[in-house]
Amino acid sequence: MILHTLIDYEVLRVIWWGLLGVLLIGFAMTDGFDMGVGALLPFVAKTDAERRVAINTVGPVWEGNQVWFILGGGAIFAAWPPLYAVSFSGFYLAMFVILAAFIVRPVAFKYRSKRDDVRWRTSWDWALFASGAIPALLFGVAVGNVIQGVPFHFTDDLHTIYEGAWYTKFIGLLDPFSLLAGVVSLSMLVMHGGAWLTLKAEGNVRDRARRFGSIAALVAVAAYALAGVWMAVGIDGYRIVGDYVTGGPSNPLHFEVEKTASWLTSYSDRPWIAIAPVLGILGGLLTFLGLRAGREISTLLVSKMAILGVISSVGLTMFPFIMPSSSDPRSSLTVWNSSSSHLTLFVMLVATVIFLPLILVYTAWVYKVLWGKVTEDDVTDNSHSVY
Amino acid sequence: MDFGIVELSRLQFAVTVMYHFLFVPLTLGLSILVAIMETVYVMTNRPIWRQMTKFWGLLFGINFALGVATGITMEFQFGMNWSYFSHYVGDIFGAPLALEGLMAFFLEATFVGLFFFGWDKLSKVAHLIVAWLVAIGSNFSALWILIANGWMQNPVGAEFNPMTMRMEMTDFFEVLFNEVAQAKFVHTVSAGYVTASVFVLGVSAWYLLRGRHIELARRSITVAAAFGLASAFSVVLLGDESGYSATHSQKMKLAAIEGMWETEPAPAAFTAFGFPDQEARETHYAIHIPYVMGLIGTRSLTTSIPGIEELERQAETRIRSGIIAYDALMHVREERENADPAETARFEAHSADLGFAYLLKKYVDDPREATPEQIVQAANDTIPTVWPLFWSFRIMVALGFGFIATMAYFFWCASFKGMNFPRPALHLAVWMIPAPWIAAELGWFVAEYGRQPWTVDGVLPTAMSVSALSMTEVAITLAGFVIFYTVLFVIEMGLMLKYIRKGPFQDVEETDAWVARHTERLAGRRNADATAMPAE
């Protein structure tokens, strides 16, 4: 097979860096509102009928949405094996908490309304709340840690070693900056969930979703701006030093890396990337206004725009870094040294080019079939078949 | 290297993957059975077939939720607990996992929601297509996962790259059309079909024994017996095909399953029964069936199958060759592009045995410093413990033949006895419900335990594959999984039993109401404007 040399290795790496972003953004835009609805559940829905309406707005689609998460994991494994190996084992206990949430959530959706017992249903409602809010927070915390660098290094055999005892590895993740990043992601997804509920529900649920969603939008914008200021004054950046090749073998130890004063120097190197944070802040503010004005469809769109801006701003600011090492900068993972082989990236790209558009088409079709509001009557009429 | 962490991580993987596989086979088979029932409904328009679709579909849904949930653990556990494995073979192993998401999992997960929620939003035929897409998606998932697993059993289409210190893919199609993966795929999905057939058969038999839902139960048994009979034949035949491919790729596993310590002259006999003794290296009280093993393993009367002791001697030779590869690799790794071509050539000549040198890492940090005793010990490590493999395999095969017999009998009753099933047979069918799960778990045990001490056969030892975690971390997650999974299992079983006891009454009423509504909706659509029903 020589076909894969048609596309340069470094070009494939940049494409896969972009696809990593596409998957994360796809996950946040779709499963994000599922998590947001879960986190909003105790606030927007008071009676059992209201809760069932809120749950059934995501009932038919959460399963497909969650695949973005699974595909994200698979794609990181296939395209960025060192990133998969380092991050998943490094954030071990945090990953376990996220996994637990993602295991409870499907079960809670499916089983909640299968018994009439009030305690049964209330317990599952709390499970839905926790499994929405906790991962939404932890994803941001993880990003906050990645921005600051993670304490790990490679041995010559490329075994990964983490600095510190197991509890510092877990509790240490929750430093102030990372918690702020967690607030950004939680409030952003709650905002998105509010926008979704406004579109899909009616009456009380809709009104409360507008109120809580618009508060979340303001919190998201404020926290995001604050994190930006913090990065300008208090967070180290990283850069590659010396000669390096962008199309060479994927071995992080072949590079030299040093810390710099701030990540934000990338904005003077590549001014055009400023479009990402602008989209993030503008999207958040427009979502606030849209929720206030009750513009349903356009609000969901600008909420997606905010997600696009916020997530891509992190990637674009750090480029070419993916996961810097704070204790041994030389071990940092970058786009140029932690991908799969040339052939694997090519094969996976071919598969993605064929199947990702297909996925988007049939997902869009399913959303179209399910178009329209979920009402309390729908839920009572089909009590047996809906959640 | 800390040995405790390896054992604990293995235990966690075993617990989570075996738990996951309680739900997978039923998903694989029931998705197809439900789609078949709905097909009959669409073709005949008889409401009872819709009731069957709804009823078995509901049980499918309860099972599916846990299958999906526990599958997420599997996708992430490689990185969490097996990070060196992920680094070392991720270039090959990650691809089928990602392809599973792209090609299969998205399909089944996107449409499964529509299957349950779309009855009032889709035409009959469109809903039927959705049901089939769910079934196809589920089965495609299995294909990609088994391509990944098949590669761990028979690592083709890849080679070690000294620059990146990992295995890299050299030929995607070799990975895709790996004979082990293909045989395993058909064997595994057939096992899923048998599981679902036995499940539908058993539950329906229970209804017949109580005189409930007679019409629905009889028809369900007929579908399950026909589908189950074909699947049971397939699972045994393809199991045999797996045995044949193991002869080329995993000789040690085959010899251990057979309890065959010494190479026998061709054609080898099959040991039907016996007590393998690891210490004495013989199988006591063995009952041999002449020729059978030679025929299964080699499809010939003249090719011999190597025994455990011969394979151990081969492993020792390969360890010594692997040490040469390791020595040359150290030079190449240090010098990179400036490496001495003679050293590069020396590495390439021995690189196929590099994994065998890694077996020594359990005893010594630098394999080059291994003593002759350590080399002998490492060669001895390549022999898995024989008796669990020997017995698991035999119980699985016996159950497999049991499924063929049961399905054939019920199929005969359904076809020629006017769907009259004798009560003893119905009792047997109820008691048989757990059997396919036992067979499936034992089958996986043989496949995975038989691969030890390797994660990737001949390439990467299990002891080297783990993450650098503390015992505490793994103990916390293991305890968490056990508690969590036990609670979920109790809840799941409770719901399953509740809905089985309740039976399809609701579906009967619901179907009557739905048929009326659906007819009205279709009639109304002809008059109303086209945008009112965007889905159709």
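In the hairpin formed by strand 3 and strand 4 of chain B, where 4 residues lie between the strands, Arg281(B) adopts a positive phi near 55 degrees. The structure described here is a predicted model. In the division of chain B into domains, domain 1 comprises 3–250 + 387–508, domain 2 comprises 264–298 and domain 3 comprises 308–381. The C-alpha centres of domain 1 of chain B and domain 2 of chain B are 31 Å apart.

Positive phi values also occur at two loop residues of chain B. Asn45(B), which is not a glycine, has a positive phi of about 65 degrees and is placed in the loop between helix 1 (3–44) and helix 2 of chain B; because 11 C-beta neighbours lie inside 10 Å, Asn45(B) counts as exposed. Arg336(B), likewise a residue other than glycine, has a positive phi near 50 degrees and lies in the loop between helix 10 (308–335) and helix 11 (341–350) of chain B. Arg336(B) has 13 C-beta neighbours inside 10 Å and therefore counts as partly exposed. In general, most residues other than glycine have a negative phi, and most peptide bonds are trans.

The bond from Gln452(B) to Pro453(B) is cis, with omega near 10 degrees, and Pro453(B) lies in the loop between helix 16 (435–449) and strand 5 (454–456) of chain B. In chain A, the bond from Phe319(A) to Pro320(A) is cis with omega near 5 degrees, and Pro320(A) is located in the loop between helix 12 (296–318) and strand 5 (321–323) of chain A.

Between the two chains, 68 residues of chain B are in contact with 66 residues of chain A. At least two residues of the side of chain B that touches chain A are supplied by each of helix 2 (47–81), helix 3 (83–117), strand 2 (166–169), helix 18 (471–502) and helix 19 (505–527) of chain B, and the largest share, 24 residues, comes from helix 3 of chain B. By residue type, this side of chain B divides into 38 nonpolar, 21 polar and 9 charged residues.

Chain A contains 14 helices and 6 strands, and its C-alpha trace spans about 65 × 50 × 40 Å along the principal axes. For 387 residues, a compact globule would have a radius of gyration near 21 Å, and the value for chain A, 21 Å, agrees with this. Of the 387 residues of chain A, 57% count as buried, and among the contacts in chain A with a separation of 6 or more, 79% are accounted for by residues 24 or more positions apart. Leu137(A), in helix 6 (residues 118–148) of chain A, counts as buried because it has 23 C-beta neighbours inside 10 Å. Apart from its neighbours within four places in sequence, Leu137(A) is in contact with Gly182(A), Ser185(A) and Leu186(A).

The mean pLDDT of chain A is 91, with 99% of its residues reaching 70 or more. Confidence in chain A is highest in helix 8 (residues 176–200) of chain A, at 95, and lowest in helix 14 (residues 376–381) of chain A, at a mean of 77.

Technical notes
Residues numbered from 1 in each chain as written. Chains lettered and ligands numbered in written order. Predicted model: local features only at pLDDT ≥ 70, side-chain atom pairs only at ≥ 80, totals over all residues. Domains from an automatic or database assignment. Contact = placed C-beta atoms within 7 Å. Nonpolar A, V, L, I, M, F, W, Y, C, P; charged D, E, K, R; others polar. Pairing = 2+ DSSP bridges. Buried ≥ 20, exposed ≤ 12 C-beta atoms within 10 Å, placed from the backbone. Rg over C-alpha atoms; globule rule 2.2 N^0.38 Å. pLDDT = per-residue confidence, 0-100.
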